[in-house]
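Reader: Good morning. Could we go through this model together, strand by strand?

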Amino acid sequence: MADWVLRPATADDVEAVAEVRAVAMRADLERLGRYDENRVRQRLRDGFVPAHTRIIELDGLLAGCVALRPADDAHWLEHFYLAPHAQGRGIGTAVLRELVETADRSALRLRVDVLQGSPARRLYERHGFTFEHEDAVDVFLVRAPSPTPSLTRPRPRP
């Protein structure tokens, strides 16, 4: 797998991340008849909160992002995008695995929505997300925290 790292986002990252989003989502949005080159970028700008966002760097260059936004009953996994040159290299799986392990250690429920027909749904389902509901555009998934192994293993008796 390639050399990647997660780093905190800054306000200066917004335009580069908006571009990654536009490129990464184009095919799915076009398939649904919903691609608009300005709107796809503006939606990212409108929802970009650097404090909740991590930048994915591949070989020292921005290759994507992911955000975890706290909500009342869960954390929303949002803005998880990888540039095409970073896709298919196991990076998305590794980043998601790290986020899920962190959520499990903190006993956090995770929520995510994906576009109807998006192959990303399979990635989330492989990591324990399950169907919650859907609408004409999105499928909403949820993942309850897994108990830590130390809590599920029987303790030796004295």
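This is a predicted model: local features need pLDDT of at least 70, side-chain atom pairs count only at pLDDT 80 or more; totals for chains, interfaces and linings use all residues.

**Strands and their partners**

Reader: Understood. In which sense do β3 and β4 pair, and over how many bridges?

Author: Strand β3, residues 61–70, and β4 pair in the antiparallel sense, over six bridges. Strands here are DSSP runs of E with at least two residues, helices are runs of H or I with at least four, and both are numbered from the N terminus. Two strands pair if DSSP finds at least two bridges between them.

Reader: What joins β3 to β4?

Author: A hairpin does, and it passes through four residues.

Reader: And how many of the residues in β4 are buried?

Author: Eight of the eight residues in β4, which spans 75–82, are buried, and the strand is mostly covered. Buried means under 20% relative accessible area, exposed means over 50%, and partly exposed lies in between (1.4 Å probe, protein chains only).

Reader: Do β4 and β5 pair in the parallel or the antiparallel sense?

Author: The pairing of β4 with β5, residues 110–115, is parallel and has two bridges. For His75, the bridge partner in β5 is Leu110.

Reader: Next, β7. Why is β7 described as largely enclosed?

Author: Six of the six residues in β7, which covers 138–143, are buried, so the strand is largely enclosed by the rest of the structure.

Reader: Which residues point one way from β7, and which the other?

Author: Asp138, Phe140 and Val142 point one way, Val139, Leu141 and Arg143 point the other way, and all are buried. In a regular strand, side chains alternate between the two faces of the sheet.

Reader: How many bridges join β5 to β7?

Author: Six, and these two strands run antiparallel. Within β7, Asp138 is the bridge partner of Leu115.

Reader: What about β6 and β7: over how many bridges do they pair?

Author: Strand β6, residues 130–134, pairs with β7 over four bridges in the antiparallel sense. Thr130 has Val142 as its bridge partner in β7. The hairpin that joins β6 to β7 runs through three residues.

Reader: Changing topic to single residues. Where does Trp4 lie?

Author: Trp4 lies in strand β1, residues 4–8. With a relative accessible area of 17%, Trp4 is buried.

Reader: What is Trp4 in contact with, leaving aside its neighbours within four places in sequence?

Author: Contact here means heavy atoms within 4.5 Å. With those neighbours set aside, Trp4 is in contact with Glu57, Leu58, Ile91, Ala94, Val95 and Glu98.

Reader: What separates the C-alpha atoms of Trp4 and Asp72?

Author: The two C-alpha atoms are separated by 31 Å, and the residues are 68 residues apart along the chain.

Reader: One last residue. Is Asp28 counted as buried or exposed?

Author: Asp28 counts as buried because its relative accessibility is 17%. Asp28 lies in helix α1. Leaving aside neighbours within four places in sequence, Asp28 is in contact with Leu115, Ser118 and Pro119.

Key. Residues are numbered from 1 along each chain as its sequence is written. Side-chain values use heavy atoms; hydrogens and water are left out.
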